[in-house]
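Here are my notes for a first look at this one. Have the sequence and the 3D view open while you read.

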Amino acid sequence: MPEASSLKSHYGRRGFFDALVLVIPAIPFALVFGLAVRESGLAIWLGWSSSPIMFSGAAQITLITLLGEGASVAAAATAALVVGARHLFYSFSMAPVMQRQPVWFRWLAPYMLVDQVFALCVGKQNLPTADFRHYYLAAGITFWMFWMTFTAVGLFVGPVIPAGLDITFATPVLFMGLLVTAIDSWQKAVVAVFAMLVTFILADMPSRSGLLIAVLAGLILGLVLERLRK
Amino acid sequence: MMIFATIVLMGLGSYAMRAVFILLLSNHTFPPLALKALEYVGPAVMAALVMTMLLSPEGGHAPRVYEWAGLATAAVVALLTRNHIYVLVLAMGVYWGLGYLM
């Protein structure tokens, strides 16, 4: 591993701790996935294998649950792909900053580009090249190890966290914090509010596809607002 | 075996969706319009993601008052302090506190 020292660098440590804060509220989600595997009736190793192979929580739950319910492979795969399609936006958003990175990292980084890693790194694009890489790797590896471990734990223990103490809400809370601190113009604020509104209105669309339309609508509005500024 | 093949194909699909622009655009200069649009991807996706997390996967579930209050607290605290620990503590405090009262 060319970056074995990444945890020793300052930004490596920051990436680790920032990811840790997002790991904790995601624990119930990982345990729920383990439970979904057990209830699907699939062999547990088979269900869990989607963790290292796909590394995409919501898409994994969609796929395994639908397969367990007896949906056709094509239907389950299509739904899971639609759920995961937001990653196309992450890829697009990260493309410029990745141009300055070494080739090995450009091939490795997409594997770890989960919601939390995107949320943490999207505001760090102005960091020096090596610092950005250390931060991204530390956050990505931390999240990866967490997801592998806790989806496996969930296969055996089920959700052990009491329902009364709902910590999963900490994820939208932290994402809201990251969103607000990333906004540096009124245009971006308007776009964010608009994207939320469209997602809310399209809540009933299948497989979270409302999110994709909301993001596209937000981008178009952003470009229109840019025109108005001139 | 069929299921495992499906999971492997989905894994390739997941990777492809995350990699496509990073790898294909690695040697291209971005036209100004694309660069402008890029700036809005982060805010738009994050906002849509936050809202998606409040809605149930089956759709139709309207977020409850204490969920709105928790999110509003998070936004205000982030705006005023830029400190994510304060955001976490205060917003979760409002969320749990109001949820307990209601």
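1. Helices here (H or I, at least four residues) and strands (E, at least two) are DSSP runs, numbered from the N terminus. With that in hand, look at Arg82(B), which is found in the loop between helix H3 (65-81) and helix H4 (84-101) of chain B. Arg82(B) has a positive phi of about 55° although it is not a glycine. A residue is called buried if 20 or more other C-beta atoms lie within 10 Å of its own, exposed if 12 or fewer, and partly exposed in between, with C-beta atoms placed from the backbone. Arg82(B) counts as exposed because it has 12 C-beta neighbours inside 10 Å.

2. Some bookkeeping: this is a predicted model, in which local features need pLDDT of at least 70 and side-chain atom pairs count only at pLDDT 80 or more, while totals for chains, interfaces and linings use all residues. Residues are numbered from 1 along each chain as its sequence is written, and chains are lettered from A and ligands numbered from 1 in the order in which they are written.

3. Now go to Phe55(A), in the loop between H2 and H3 of chain A. Its phi is near 45°, a positive value in a residue other than glycine. Is Phe55(A) buried or exposed? Phe55(A) is buried, since 23 other C-beta atoms lie within 10 Å.

4. Helix H1 of chain A (residues 10-40) deserves a check on its length. The expected span of a helix is 1.5 Å times one less than its number of residues. For the 31 residues of H1(A) that should come to 45 Å, and the end C-alpha atoms are 43 Å apart, which agrees. H1(A) also bends by about 45° at Ala26(A), with a proline, Pro28(A), following within four residues; the bend is the angle between axes fitted to the seven residues ending at a residue and the seven starting there. Just after H1(A), Gly41(A) takes a positive phi of about 85°.

5. How do the two chains meet? Residues are in contact if their C-beta atoms, placed from the backbone, lie within 7 Å. The contact takes 73 residues from chain A and 55 residues from chain B. On the side of chain A that touches chain B, H9(A) gives the most, with 13 residues. That side divides into 52 nonpolar, 14 polar and 7 charged residues, where Ala, Val, Leu, Ile, Met, Phe, Trp, Tyr, Cys and Pro count as nonpolar, Asp, Glu, Lys and Arg as charged, and the others, Gly among them, as polar.

6. A nonpolar core is a set of buried Ala, Val, Leu, Ile, Met, Phe, Trp, Tyr and Cys residues joined through C-beta atoms within 7 Å. In the largest one, with 104 residues, Ala195(A), Ala44(B), Ala48(B) and Val50(B) touch the most other members. Helix H2 (residues 32-54) of chain B gives the most to this core, with 14 residues. Among the residues that Ala48(B) touches are Ala195(A), Met196(A) and Leu211(A).

7. Chain A is assigned domain 1 (4-165) and domain 2 (183-230), with bounds from an automatic or database domain assignment. Their C-alpha centres lie 24 Å apart. Between them, 7 residues of domain 1 are in contact with 6 residues of domain 2. On the domain 1 side, the largest share, 3 residues, comes from H4(A).

8. Last, Trp186(A) lies in helix H10 of chain A. Trp186(A) is exposed, with 10 other C-beta atoms within 10 Å.

Key
Contact = placed C-beta atoms within 7 Å. Lists of a residue's contacts leave out its neighbours within four places in sequence.
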